[in-house]
Amino acid sequence: MKTKIRTTLIAGSIALLTGFTNPALADPLELSVHADQPGDTISRYLYGQFAEHLGRGIYEGIWVGEDSEIPHTDGYRTDVISALKKLEIPVIRWPGGCFADEYNWRDGIGPRDQRPVRINTHWGWVEEENSFGTHEFMNLVELLGSEAYIAGNVGSATPREMAQWLEYMTADNNTELAGLRRANGREKPWKVPFFGVGNETWGCGGHRTPAYYTDLYKRYATFLKAPQDNRPKRVASGGSNENTDWTEALASGVHRDMDGISHHYYTLPTGNWPKKGNSTGFPAEEWISTLHNSMKVDSHLAVNEAVLDKHDPEGQIGIYLDDWGTWYDPEDGHEPGFLYQQSSIRDAVVAALNFNIFHRHTKRLHMANIAQTVNVLQAVILTEGDRIVLTPTYHAFEMYRPFMDATFIPVKFTAMPDYTLGEISVPMVSASAAKTAEGSLVLALVNLNPADSVDVVTALQGFSAANARGRTLTAEAMDSHNTFDDPGKVIPRSIEVKTDGAMLSVSLPAKSVTVIELEEED
Ligand code: AHR
C-alpha cells in the first residue's frame with residue numbers, strides 16, 4: 001500500500017516536472033536517495049592508478065626523458081602530466097604487476113647513462129633501459145600530488161633486497177643507503193604509504209600455493225621496517241576470483257604486519273583468455289557480456305570480505321583490488337605483449353559500474369588501482385608520438401571525482417527491469433550517491449542499455465536540493481571512442497536535470513554515465 005501511494009506521488013511530480021516520453025519503458029524508474037542514512041566514507045584510494053613497466057605505459061606514455069623533442073618537464077610528458085593532474089589521482093601502484101617480481105631496484109638508481117639494460121621478460125621481451133626508476137617514480141608521485149604504492153619483489157629477490165629498497169626510500173638518518181639516496185639527488189626521505197609484498201604469487205609472481213606464500217609473506221613482511229612516521233601499510237598478494245583460498249590462508253595464518261590482501265580481477269568480454277574479444281567492432285552480445293562479467297567483482301569481493309569478517313571482525317585488514325579493468329585481444333599493428341587497446345564508451349560504462357560497486361564495499365575495500373594509466377589495457381590516456389587522447393575511461397574518472405572521500409548514501413530503486421540479450425541479463429540502471437565534505441549531494445547513474453534512453457525520477461530523503469548540475473557521457477555507437485584525429489567524440493556534456501527540491505528527474509541517454517551534483521537549500 002505504502003509503495004502504491006509513493007508511486008502515485010512520484011508519478012504526479014514527474015508529470016509536473018517533465019512530461020517524459022520513454023521509448024522503452026512506459027514509466028520512469030523510481031529511485032530513492034537516503035541522505036538521512038549516511039554510511040561510511042568512500043575512500044579516495046578506490047580511484048587509484050597502476051603504472052607498470054609494460055609496453056608504452058611508462059616509456060613514451062609518461063617518461064620521455066630529458067633529451068626528448070616531445071614537450072616535457074624534467075623528462076615527464078607535459079601533456080600527460082597536466083591531464084593526470086586533473087584526475088587528482090590519490091595513489092599510483094608501481095613498478096608492476098608481473099614486472100615487479102623480476103625488478104631489481106638497484107638497476108633504477110644513479111646516473112641514467114650508467115644504469116644496466118635488462119630484458120623485460122614478461123612484456124614483449126624488450127630492453128628495459130631503467131631510465132625510469134625509484135627517483136623518477138617517487139618524483140612523479142609528488143608532481144601529481146599523489147601517493148606511492150610500491151610493489152616489492154618476492155618472486156626473485158631476497159627479503160634483504162626488499163628491506164633495503166624500503167630503507168633507501170625512507171631512511172632519515174646517516175645509513176649508507178640514506179647516503180646513497182642523497183648522493184643520487186634526494187635529500188629528504190620520500191613518503192611510502194603502501195608496500196605490496198609480491199604480485200600474483202599464484203602465477204607470474206612465482207607459482208606458489210596459498211600456504212607456502214603465507215609463510216613467505218610473514219618472512220618478507222617481518223623485515224620491512226621504516227621510521228615510525230613513515231611506515232607503509234603492508235599488502236599481501238591474494239587471489240583473483242570467487243575462490244577464497246588465498247584470503248583464508250592469509251587471514252588465518254598471518255597475525256601481524258598485514259594491513260591488506262590484494263585481489264585482481266580483469267573483465268574479458270567472452271570470459272575466455274585465448275579469445276577475449278575486441279576493444280572495438282564487437283557484437284552486441286559482447287556489450288552485455290562485458291558488463292555482466294565486470295559486475296562479477298561484486299560477488300568476488302563479497303565472498304572474500306566474508307572470510308575477513310570471520311578472521312578480522314575489527315576490520316583492520318582491507319582488500320586491495322590493485323589490478324582491475326578490461327582486457328581485450330591485442331590490437332592489429334601493435335606488439336601483442338604491450339597490451340595496448342582502445343577504450344570506448346563501453347569501457348566508461350564498465351568503469352562507472354565498478355565505481356558504483358566499489359562504493360558499496362568501501363568498508364573492506366581499501367584501494368582499487370585500474371590497469372593501467374597510459375597506453376596499457378583500460379588506459380585513461382593513449383599516446384602516439386607527441387599526441388595524446390583522453391579515453392572515455394578518463395572522463396568517467398574525472399566525472400566521479402566528487403565521490404572521493406565523500407560519505408556513502410544508500411539508494412534504492414522501487415523496481416529494476418533487466419536489459420536482456422540472449423541468455424544474459426543485467427540491470428538496466430546502476431546508481432550510487434554520496435554527500436561531499438562541502439555538503440552537496442552527488443548522484444551517479446549508469447544506463448546499461450545500449451539502445452534506449454531511460455527516465456529516472458528520484459525522491460531525495462533528508463536533503464532539499466537548491467539546484468542541480470548534471471553531465472553525461474554517451475555516444476552513438478557501442479564502440480564509439482576518441483582517436484588522435486577526433487579526440488572529442490566521447491566527452492561529457494551538460495544534461496538537463498529538473499528538481500523541485502525534494503524530487504529530481506533526468507532522462508539518461510542510452511549507454512551513458514551521468515553524474516549529478518546537487519547543492520543543499522539554505
Ligand atoms: O596489468 C597487466 C598484468 O596483469 C599485471 O602485470 C599482472 O599483475 C596481471 O596479471
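Reply: Contact means heavy atoms within 4.5 Å. Helices (H or I, at least four residues) and strands (E, at least two) are DSSP runs, numbered from the N terminus. The model is predicted: local features need pLDDT of at least 70, side-chain atom pairs count only at pLDDT 80 or more, and totals for chains, interfaces and linings use all residues. Residues are numbered from 1 along each chain as its sequence is written, and side-chain values use heavy atoms, without hydrogens and water.

Me: Why is lysine 85 called partly exposed?
Reply: Buried means under 20% relative accessible area, exposed over 50%, and partly exposed in between (1.4 Å probe, protein chains only). Lysine 85 has 43% relative accessibility, so the residue counts as partly exposed. It belongs to helix α2 (residues 78–86).

Me: How do you know that the span of helix α6 agrees with its 13 residues?
Reply: The expected span is 1.5 Å times one less than the number of residues. For α6 (residues 210–222) this gives 18 Å, and the end C-alpha atoms are 18 Å apart, so the two agree.

Me: Which residues of α6 are buried, and what do they pack against?
Reply: The buried residues are Tyr213, Thr214, Leu216, Tyr217, Tyr220 and Ala221. They pack against α4 (159–170), β9 (194–197), β10 (233–236) and α7 (245–253).

Me: What makes β10 and β11 a pair?
Reply: Two strands pair if DSSP finds at least two bridges between them. Two bridges join β10 to β11 (residues 260–267), and the strands run parallel. Valine 235 stands opposite glycine 260 in β11.
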